[in-house]
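The exercises below ask for careful reading of a structure, each with a solution worked step by step. Please keep the sequence and the coordinates at hand while following them.

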Amino acid sequence: MSAPWLDVLDDTIRACAAHNRPDLAERLRDKRARQLDPKLRVLVIGEPKQGKSQLVNAMVNAPVCAVGDDVTTTVPTFVQHAETPSAALVRGASIANTPTERIPVPLDQLASEVSASRHHGGDVVRAEVGIPRALLDSGLVLIDTPGVGDLRPAHTASTFTALLQADAVLMVSDATAELTGSELELLKQVMTSCPNVIVVLTKIDIAAQWRRVVERNRAHLARAGVTAKLIPVSAALRLRAAKTGDKALNAESGFPELLACVRQDIVAAADQLARRTVAVTAASAIKQLVAPVREELSARVAQGPEKTIAALNEAQRRIDELRRRSARWQTVLADEMADLVSDIEYDLRDRTRKIMREVDKTFETADPALGWDKFEAWLEDNLTEAATTNFAWLLDRSEWVAEKVAKSFPVARDDLLPESIFRDDVLDRVAPMDKPVIEKFGVMQKAFTGLKGSYGGVLMFGLATSLAGMPLINAISLGAGALFGGKSIIDESDQRLRRRQAAAKAAAARHVDDFFIKFSKDCRDAARHIQRSLRNHFATLAEEMQETLLESARSARRAVQDDNTERERRNRDAKRELDDLVQLYQRVQSLAGGQAPPLGISA
Amino acid sequence: MMPAGELGPGVTLEDEVWALLEDALVVYRDSPRAVAWLRGHQARFGEPVRVAVAGAPRSGKSTVVSALIGEEFAPTGATTWYQDGPQAKAHVGQYEVPVLRRDGKAFVDAPDAERVTVEWPSRSLRDLTLIDTPAGAPVEHVYGEADAVLYLTRHLHTTDVRFLQTAHDHPVARIAPVNTVLVLSRADEIGGGRIDALSSAKQIARRYRREATVTPLCQNVVAVAGLLAVAARTVRAEEFTALAALASLARTELDGHLLSADRFVGEDFPVRLDPAVRRGLVDRFGIFGVRLTTTLIRQGFDTQVKLTGQLVQRSGLGELRDSIGVYFTERREVLKARAALLGLDVVLRAEPRPGSVGLAASVERILASAHDFRELRLLAALQGGRTRLPGDLEAEASRLVGGLGTNPVVRLGMEYEPTESELRHAVLDALGRWREHAVDPALDHGQRRAAAVVVRSCEGMLAQVVA
């Protein structure tokens, strides 16, 4: 049957793996392997020059660790039980890994070998000492470590690596001063990975005031919330007592108490110790797992669905905007086109009237019979020009209208303006102008008219001169007849000219009128056509846009809904995970017998 | 040959800085705050060097201060200034408070004061003002008031290194390096109070002097047994009598009782000595002190005068005083100039106005060109390893620019008292050699510039010797 702590530890390892924390799982697996190992590792830790190595020496009553006035310990030294005293240097990548090489060295040369290997760039990661002692018999391993906070960070690092393997810790501080801030900090750090700590106050032989320091330290520990025994010792007295066999001195050194404490609290209570160690390690791992889950939960609550809802609101706002604007662009188009048509018609009328006035002026004097062809060409030219100008204006204006409508559109797009809004055959030619009837005034007609006119003159003057006795036909009457005949010919031709002119004017007016009616009709048609195609174009665009916006609004709405369900699902998951972790934590707590601090969460 | 930007002949750094302060007073005459500040700096200019004693809690700051003054002071818990004065008195702000006696210690009762000023008639304070800073005082606080710093530590810890690095990281410190002496205090506790603890401590100090992380941070490392030093300077007749009585015992007989402080004050003591007396001895001397003094008395230092001399020597107090002399009081002028320039710089930054641009330029010019500062900078560069010179040149350069002391004899490394012509020859010899180094094409630009600074130092010495 496996121990209950093993189950809890295995569950915690599984939880770590499930939460994607292979690093934590790895650490816990290490711990598990070590807990199953019958050896009990007791780490001697502390700041430099507090007497750690001397403490180990005094505990086993043998100079196994090098002591010196300057920084001496550079690699962790493992002191364990062996039938015959032996020592070895271990090389390897790290003290946690399997050693790659063990070099046996004589016990009394261990210190010099360690420092020598350091000077030769060696990668000695630890020293091992075997010594026959009853204390170590039960599998106890004392690990002397380099001081924490030393100027060479490598020393400190190896101490912390060793800390991960420890079952119990002896925290060493000397009695010449109280625990400093950094020592308390270190102690707290140690407590997180190994809760079985005994604080050892060394060098009480040279500190006259050590009792006061003990009291103060107890107060410091209480304030820092550290529950650890504090034992004052003097290694110097112990070693001296061992040399002289002085029992009283040994008692005075404080070591009997320390050793009893080690046997009782560490060796005898190995299972209890295992529970506590596992509890603390598991608790710290679970705390690390809980933190992100809880953060996620609270972040979800805090952040909420605002983002998706904002997207939905935005989409709806844009649809409304589009609707509002599409009503507007239609009005704009209708208004502008009405304006355009009336403007264009006025312009055309103005132009044709000017032409008519010119025609009138021309035919006041000119004889249509003489230059009709020329006139026709001229009129045709003018009318064409007027039509072209007018039509060009129509095009300009209609493009301008298109732009204006486009502007009232809610979005800017490249294809907003239609490419072409005209048919190619907008303009049919107007029918050619009818030539007015021009009466011929031939010689015969002239002679006849002359004779008709001369008749009156001859008769009139013949009668008058007959009174004077002259015959009816005489020179005078003939002369007068000739005169009268000439005049009537002139009169006649004059009249004919006027008639011709009037006819020409009428013909021109008719033609211009025809042109006007035809062309203005064309223009209207064109304008209507333009309006229709613009309307179609923009309506299509608006529809497209509306569709897009509606789609995005729909997707936003969907997102909001999805988000809600997804979030609820995720929340449920997270809550469940948290519940599981809390449950696990409660098991850990019961394992530790209420030793682990509460997690501070409620599921 | 005088490099550009150098001060004119006969104009000392002190004159120059004083003139600058006067100019600043004219520019800022309408700002009462600035005037008060500048006047304060002018006054500080004439004072002795201010040395702050800083360090971690329980590192023995008050003890070292007491040892230097030669009078045991109980720590006040506040920043305490110790100045020379005709009679013992203390001030908190403007108010005078009495200096009391408690358990034989001088004691100022000012529980809530932030700063206490103690005037004490002492020869040691004549050219030195000591500032005992409370533990945990921020770096700016310590380095702002003081001209130089004694940093105390029991064993150099990373937090100590961090403190010193912060101090050296200050932009001002880079232009005009801070003078710091690292003190391994409580040296008597090394090796569990073994009788040779002090020589061991001195070796450790020597190792630190060579340690790459430590050298750039301080000018010197000294080991001091503070408790012993105080006791040495204040040993009383009855204490001496008691110690002599102890020493009269056979060594084997006494050793058992010197094993621990508890045993020393315990019952059934072989000599008729009141336990209270014994407790007093172990409190004042420490168990190590008692071990050492009895041994010394046995070795023949059997009068109080002889014993005191030995103890001052052995406790490292002598060495500490020497270091203070060489690195602080001998450099009073440059340290004061530096403090004044820094003070002026503060005003120029806080209240810029039309005239201050010119003043700022002057401050910069003096900092950059005054030879004393260049010496300090070269020293710092040599110690920090930023400038390296081949072979023995490095040590010689460091010595010539005053790394061991500013006296020409020390600078030249002469171990005897030379005659004037010997001195002149030595200076000329050094000057000639370093002039060659200054144009030596084998050296790089930085090294040649370092050599030029050494040449200037030699020229200064020559002027001094001829005068």
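**Exercise 1.** In this predicted model, determine how many salt bridges the rule finds across the interface of chain A and chain B, and describe the contact around them.

*Solution.* The criterion to apply is a side-chain nitrogen of Lys or Arg within 4 Å of a carboxyl oxygen of Asp or Glu. With this rule, three salt bridges are found across the interface of chain A and chain B. One of them joins Asp262(B) to Arg211(A), where the closest N and O atoms are 3.0 Å apart, a separation that lies within the 4 Å limit. The next step is the contact as a whole, to which chain A contributes 29 residues and chain B contributes 30 residues. The two chains bury about 2500 Å² between them, and 49% of this area is on carbon and sulfur atoms. On the side of chain A, the residues that lose the most area to chain B are Asp69(A), Leu151(A) and Ile206(A), which together make up 28% of what that side buries.

**Exercise 2.** Work out the strand order of the open sheet in chain B, and find which strands are its edges.

*Solution.* The open sheet of chain B has nine strands, and reading across it gives the order 4-3-7-2-8-1-9-10-11, with mixed pairing. Strand 4 (95–97) and strand 11 (220–223) of chain B each pair on one side only, and these are the edge strands. From one strand to the next, the twist averages 25 degrees. Helix 5 (residues 158–169) of chain B packs on this sheet and touches strand 9 (148–153) and strand 10 (179–184), its direction making about 165 degrees with that of strand 9.

Individual pairs can then be examined. Strand 2 (residues 79–84) and strand 7 (residues 115–120) of chain B run in the parallel sense over six bridges, and Asp84(B) has Trp120(B) in strand 7 as its bridge partner.

The last step concerns side-chain directions. In a regular strand the side chains alternate between the two faces of the sheet. In strand 11 of chain B, Asn220(B) and Val222(B) point one way while Val221(B) and Ala223(B) point the other way, and all are buried.

**Exercise 3.** Decide how the buried residues of helix 8 of chain A are placed around its axis.

*Solution.* Helix 8 (residues 235–244) of chain A has as its buried residues Ala235(A), Leu237(A), Arg238(A) and Ala241(A). Viewed down the helix axis, these fall within an arc of 160 degrees, so they line one face of the helix. Their cover includes helix 3 (52–60), helix 9 (247–253) and helix 10 (255–268) of chain A. After helix 8 of chain A comes Gly245(A), with a positive phi near 70 degrees.

Conventions:
Residues numbered from 1 in each chain as written. Chains lettered and ligands numbered in written order. Predicted model: local features only at pLDDT ≥ 70, side-chain atom pairs only at ≥ 80, totals over all residues. Heavy atoms only, no water. Pairing = 2+ DSSP bridges. Helix = DSSP H or I, 4+ residues; strand = E, 2+ residues; numbered from the N terminus. Axes fitted to C-alpha atoms, helices over the stretch in contact; angles between N-to-C directions. Contact = heavy atoms within 4.5 Å. Buried < 20%, exposed > 50% of the residue type's maximum accessible area, 1.4 Å probe, protein only. Arc of directions from axis to C-beta. Buried area = accessible area lost by both parts, 1.4 Å probe.
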